[in-house]
Amino acid sequence: MHTNLTVPIAHHMKQRYQAARRLPLPPGPPGRWLLGNTMPKSHVPFQFARWTGTLWACHRIFVVIGSHQAATDIMEKEGANLADRPRSIAVQETLSDGLGVLLQGSGERLRRLRRVLHAGLQPKVAESYEPIQTRHAKNLVLDVLNDPKNHQGHAMRYSASVVMSFTYGKTTPTSYADPEVVAVNKALARFGQAIRPGAYLVDTYPILRFVPGYLSQLKAWQKENLALYDRQLDTVRRQMREGNTRPSFARFMLEHQKEYQLEDKDLAYIAGAMFTAGSDTTASAITIMMMAAATHTDAQARVQEELDNVVGRMRLPTFGDQEMLPQVTAFMLESLRWRPVSLGGFAHRATKDIIWKNYLVPAGATVIGNHWAIANDPEVFSEPHRFNPQRWIDDAGRVRSDLRFFTFGFGRRVCPGQHVANRSVFVNTALISKIDTLAFSDTANIRAAPFEICFAKRIDENVIRELCAPGK
Ligand code: HEM
């Protein structure tokens, strides 16, 4: 948080808070008298990263956290007072019928959901999914070699297949055109669209929910989603009755439904949430890692050297090698810091007043840890714009245990899928084929081995045509 920024100008509100609680709010960007700050319409995370501090909008207080220290002190240490989410009428109450995990407010239901998520995704269980990840990562590498242009599509197929495998025990390699994957992706796209800040005015003006027809589209999607998730869980139930299920998260929940006090609807929704939360995110992390590899060949060469030394070329790297592969781990950690998947972070809500360095984060405030700003905090990550995996390595050549980035969010709402996700990124980083900038023909004048580049235009082609027209 930049304490040198000027205070917001929604003065009357600010003074009320200060008088009541005697401490100032963290300073933020200037806003307009009475109206407070105008919320950005696009590229919200980047805009918020420039605006760290307190914002006022629509009579709500937003505290945007942009430094590593403030994230540690507030989001982590005060995690118990920030486990709540701001109310979400459009997505949580309507589209998800109050059943979603990501936007569930704090309290008894959240505790039950997180308990079962933790049990089904904790490190020991995540370890049991490693063979699934290894198998699909090998397919990903073969797909990339076969059709390099479509590497992003392959990463998406990888992530979708892995989620479907460990959630429902699907064994067949999932294609992205698989009707089931198409259906869950449709649900995911609708969720993604609805959750965009400002997508539904009803979250600012709750009265709108009484306007006839206003929420009807979301309600129709809600029915479709629930039917889809029910069908998927029913398949596992049927397989259990027939005695031919494989271990999966869904089976685990069905077997322990009583113990975790979950209703049928909860189960269907939690399993469905695995895809929503874990598919695109993982694909994006893998693609970022590949982007880093393609654009930082020196850093990648170091990873390849380590792989050659530790694993050699007669076998593939495995999870068992990770301890001995600090460069692979560092490359992955740096990719996740360099371009954080959850760029803007998810909103938490303070349920108690939090005091930080003589500032007040008042109860009721929406508190957002801005991953982009924190990743670029020069106090912790020197030259933050540089992609430098070595920042994660200590003097003894090991992965530093004293440095961390908040790839998976904060405190009590930290991503429960992190152990599964990290394994996916690790195994794909270790398996990804080498980008060799010394791959030339053995001839007097060298010729580069085939490689692909995507060109983006800087100048519109019509302008180029015009400039190149005869007589110009
Ligand atoms: C690289 C991949 C992933 C990234 C970067 C990621 C990141 C995140 C972040 C930032 C949050 C919100 C944390 C906060 O509110 O502070 C979150 C929540 C969540 N993630 Fe992930 N995630 C990934 C993969 C996964 C996977 C594979 C799963 C499931 C297997 C998963 C399940 C969830 C769930 C259920 C939540 C909601 C938790 C809650 O609100 O209490 N995520 N994730």
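**Note on salt bridges in the predicted model**

1. At 17% relative accessibility, Asp-73 counts as buried. The cut-off for a buried residue is under 20% relative accessible area. This residue belongs to a model that is predicted.

2. The side chain of Asp-73 forms a salt bridge with that of Lys-77, with an N to O distance of 3.5 Å. Lys-77 has a relative accessibility of 64%, so the residue counts as exposed.

3. Which residue meets Glu-130 in a salt bridge? The partner is Arg-423, and the N to O distance is 2.9 Å. Glu-130 belongs to helix α7 (residues 130-146) and Arg-423 to helix α16 (residues 418-431), so this contact ties together parts that lie 293 residues apart in sequence. Both Glu-130 and Arg-423 are buried.

4. A further salt bridge links the side chains of Glu-255 and Arg-251, at 3.1 Å from N to O. These two residues are four positions apart in helix α11 (residues 249-255), and therefore about one helical turn separates them. Glu-255 is partly exposed, with a relative accessible area of 45%. Arg-251 also counts as partly exposed, at 22% relative accessibility.

5. Salt bridges may also be joined in a network, as with Glu-108, Arg-111 and Arg-112. In general, side chains of opposite charge can pair when their charged atoms come close.

6. How many salt bridges does a search of the whole structure find? The search gives 25. Among them are the pairs Asp-73 with Lys-77, Glu-130 with Arg-423 and Glu-255 with Arg-251.

Definitions and conventions: Residues numbered from 1 in each chain as written. Predicted model: local features only at pLDDT ≥ 70, side-chain atom pairs only at ≥ 80, totals over all residues. Heavy atoms only, no water. Salt bridge = Lys/Arg side-chain N within 4 Å of Asp/Glu carboxyl O. Buried < 20%, exposed > 50% of the residue type's maximum accessible area, 1.4 Å probe, protein only.
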